[in-house]
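Please look over the chain as a whole before turning to single residues. The report below starts with one residue and then widens its view.

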Amino acid sequence: MKKSSVVDLLLLLLTIAVLATPAFSDLVLSKVERRIDVTSQFARVTKTLKVVNSGSESVSEFTLTFPKFLGDNLAYLSVAQSEGKGKSKRHLVILSVEAANPKGKPDSISFYSVALPKPLNKGDTLTLEVVAAFTNVLQPFPEKISQADIHLVMLQESAQYLSPYAVESQSFSIKLPSARIESYTNLENTKVQGSEIKYGPYKNLPQYSYSPIVVHFESKAAFAVAEKLVREIEVSHWGNVQVTEHYNIVHRGAQLKGEFSRLEFQARPNPRGISAFKHLLARLPPRAHSIYYRDDIGNISTSQMQSDSKKTELLIEPRFPLFGGWKTFFTIGYGLPLSDFLFASEGKRFLDISFGSPMLNLVTEKLIVQVVLPEGSKDISVITPFAVTQSQEIKYSHLDIAGRPVVVLEKNNVVPDHNQNIQVYYKFSNINLLSEPLMLISGFFVLFITCIIYTRADFSISKSSPAYLAKLQWDEVLATLQEVQSIIQKCLATHDKLEASLRDLSRTGDIQICKAARKSTDSLLKDLSKELKPLLAFLQSSPSASQIYLKVEELVAKEKELQEKLMAKHTTVVEGYEKKSSGRDIENRIASQQQKIITLKQEVEDLLEFIDEI
């Protein structure tokens, strides 16, 4: 046991020893039977309390107590009056239970007040059945294990019933998942029978009796905890209830230390992955259909489904086995027949459907249930068998106008005991059912009319109209601009050949080849200039090109200036080679020309880009 846990127990015993609360002395528990089941990841406690009023005045409430470390992890609590024994035992009524804060209450004890169905008079007896579920009370010990280690957990409890009332007779039993018990607290009247440990009976226990025990045992249960679960239940009056559940699950058992070996796990899954859980079982309603199971990657095929007239079981297997501390995210969805869950009562419709997750033995830290009602639903109310946080939202879907009302129910620390039915009441007029079909009919009608008008109408432009003539003129302008661009591009390519001849001259020193290239370039540029003249004349005379012609004229002038500078550079370089001047001397002579050439090239490129955008 951890040192901190021992200290907590000693403080609890010390607090109880000095506690005096005479306000609870009128009642006596003549018989107490306690049973705790720890075969799953949470502890489920059932108590049968036979209450006797030994005082002179009637009593209308009963007080339940739990040690603080248990009360802080209480997930579910139900108290019912019962009568009879064995198979003939039946519950008469579920009683109201609220957290209590009596005067002088010690911090080490949690108190709950139970309202009795009627005052208990002097000498009267009453039998109460208490069911409580606690999460996080089975602590992994050790907290970290290797892949091959078994999973051990530790439970702290009291062999004697902690109560503000005197107890005449009490017995206590612990149901373990297996007969493998590492250690347990051995007190007087303690017996071990297979996977069950029994303490007692103990007689004539005073108020606040407490005898701490610790049980250390093996647990193969799946410690699957949904950190967050969002259940969306969408109601359609066209005959279906669609349920979509988004799970964020973590293994809260002992964390895996060391590396995980997939090879060892697949070869020997039982001894090499005993602490991991490989599948989860969801028990769906009997007529569930269109079931799917997927995650962010896509559909997961490792699932099996069995169904009969009473239930539909979906066995799902994550993409990888989950060891302690590992997480997985997935979504399951299924459809349900509307007639099985929607009913009518006093002019209202109500949805009667389960609240919690269909996953067996799953603990949910935060559960959000979103009930999406049909558009047009109003006067909405919700009945739940336990306290939840409630709010309303609006959801927009296909063909919605005002949106669909959404009832949002939230609850923390949810266990399978919370998987009870809730009722969502609302008013809905059948006329609203016609809104979507009428919208579709109207939409198709408009589409067909539009198609008829489009096919029969003549949208062509008259060839004699000014708009058509203007379009023709503009098309001619665009074609002419493309020809101008092509000629200028050819000129620029010719410039590149001329500069290439100078690079060859510097490498070979052959002046005659360089002069021949100059002569060829001069001839080609003259031919291109002749081709350009009629195009410029057309643009100058066309009214559609009045604004564009200025840019074209500027482009031609810049290209002409660029030609002159290149020719001057070529002449200077050739003369330098003929005079056998040094390379540095030639570079100094053409430096100013080269700078101007670079500037002109950039200007020509900018003008070409501008015209290209037109």
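## Backbone, charge and overall form

Asn204 counts as exposed, because its relative accessibility is 61%, and exposed here means over 50%. This residue belongs to a predicted model, as does everything described below. Asn204 is found in strand E15, and although Asn204 is not a glycine, its phi is positive, at about 50°. Asn413 lies in strand E30, which covers residues 404-414, and with a relative accessibility of 22% Asn413 counts as partly exposed.

Strand E15, made of residues 196-205, also holds Pro201, and the peptide bond that leads from Gly200 to Pro201 is cis, with omega near 10°. Another cis peptide bond runs from Phe141 to Pro142, again with omega near 10°. Pro142, however, has its place in a loop, namely the one between strand E9 (139-140) and strand E10 (144-145).

Lys526, Lys530, Lys533 and Lys560 form a positive surface patch, to which helix H7, spanning residues 511-541, gives the most, with three residues. Lys530 has its place in helix H7, and Lys530 counts as exposed because its relative accessibility is 60%. A patch of negative charge, in turn, is gathered on the surface from Glu605, Asp606, Glu609, Asp612 and Glu613. Of these residues, Asp612 is placed in helix H9, which runs over residues 583-613, and with a relative accessible area of 56% Asp612 is exposed.

| Residue | Relative accessibility | Class |
|---|---|---|
| Asn204 | 61% | exposed |
| Asn413 | 22% | partly exposed |
| Lys530 | 60% | exposed |
| Asp612 | 56% | exposed |

Taken along the principal axes, the box filled by the C-alpha atoms is roughly 130 × 70 × 50 Å. Finally, 44% of the 614 residues of the chain count as buried.

Definitions and conventions:
Residues numbered from 1 in each chain as written. Predicted model: local features only at pLDDT ≥ 70, side-chain atom pairs only at ≥ 80, totals over all residues. Heavy atoms only, no water. Patch = residues over 30% accessible without salt bridge, like charges linked within 9 Å, V, L, I, M, F, W, Y side chains within 5 Å. Areas by Shrake-Rupley, 256 points an atom, 1.4 Å probe, with all protein chains shown as cover. Salt bridge = Lys/Arg side-chain N within 4 Å of Asp/Glu carboxyl O. Lys, Arg positive; Asp, Glu negative; His and termini not counted. Charge placed at Lys NZ, Arg CZ, Asp CG, Glu CD. Helix = DSSP H or I, 4+ residues; strand = E, 2+ residues; numbered from the N terminus. Buried < 20%, exposed > 50% of the residue type's maximum accessible area, 1.4 Å probe, protein only.
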